[in-house]
Amino acid sequence: MSQKMFYSIAAAFLLTACTKKELKETTETRYQGTWEWIRTDGGIASNIHETPQSTGKSISLKLTAGNQYVFTANDAITSEGTYTVETRKCIHDGTNKTFLNFSATADKDLMVESIGENTLTLSDEAHDGLISVYGRQNGNIK
């Protein structure tokens, strides 16, 4: 093998390795922060439409760098533990989707419908399920 070929292979390997690590880190860290509940919609015939104003509940989800999470309602902890980011097959369309798997709420793993810089949309992935929208708390980006 020529020295030029060796350097080309080594450079390609290093670039690929760095890219994969960077993508994984970006994927994992974008969930971190405190997310405030904005609304929930769905249910049978889309009959559920809830907001903090209509329910009297202020709900938040805090996701930390150490893969810890805390759900609170009106400043009282309702669930806490660890979380993992997983890929699973969606029951609606059969495609692979991202899920947040919460350790203390086995029946409440949530599918990530979308995530932006300031908005996180989660669903319970049921056929008559609910979709909840959260907004990133100000000043709490990652």
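Which side chain makes a polar contact with the side chain of Ser60? It is the side chain of Thr72, at 2.6 Å. The legends below start from the whole chain and return to this pair.

This is a predicted model, in which local features need pLDDT of at least 70, side-chain atom pairs count only at pLDDT 80 or more, and totals for chains, interfaces and linings use all residues. Residues are numbered from 1 along each chain as its sequence is written, and side-chain values use heavy atoms, with hydrogens and water left out.

**View 1. The whole chain.** Two helices and nine strands make up the secondary structure. Along the sequence they follow the pattern α-β-β-α-β-β-β-β-β-β-β. Helices (H or I, at least four residues) and strands (E, at least two) are DSSP runs, numbered from the N terminus. Of the 142 residues, 27% count as buried. Buried means under 20% relative accessible area, exposed over 50%, and partly exposed in between (1.4 Å probe, protein chains only).

**View 2. The largest pocket.** About 440 Å³ of space lies in this pocket. Of the 22 residues that line it, the closest to its centre are Thr40, Ile59, Lys108, Ser132 and Tyr134. Strands that give two or more residues to the lining include S1 (33-42), S5 (76-89) and S9 (130-136). A pocket is an open set of points on a 1 Å grid over the protein atoms alone, where a 1.4 Å probe fits, with protein on both sides within 12 Å along at least five of seven lines; lining residues have an atom within 4 Å of a point. Points are joined across faces, edges and corners, and the volume is the space filled by probe spheres set on them.

**View 3. Ser60 in strand S3.** Ser60 belongs to strand S3 (residues 59-63). Why does Ser60 count as buried? Ser60 counts as buried because its relative accessibility is 11%. Beyond residues up to four places away in sequence, Ser60 touches Thr34, Trp35, Glu36, Val70, Phe71 and Thr72. Contact means heavy atoms within 4.5 Å. The polar contact with Thr72 joins the two side chains. Such a contact is a pair of N or O atoms within 3.5 Å; within protein, one must be able to donate a hydrogen and the other to accept it, and residues adjacent in sequence count only if both atoms are side-chain atoms.

**View 4. Thr95 in a loop.** Thr95 sits between S5 and strand S6 (96-102). Its relative accessibility is 34%, so Thr95 counts as partly exposed. The side chain of Thr95 makes a polar contact with the side chain of Asp93 (2.7 Å). Leaving aside neighbours within four places in sequence, Thr95 is in contact with Arg88, Lys89 and Cys90.
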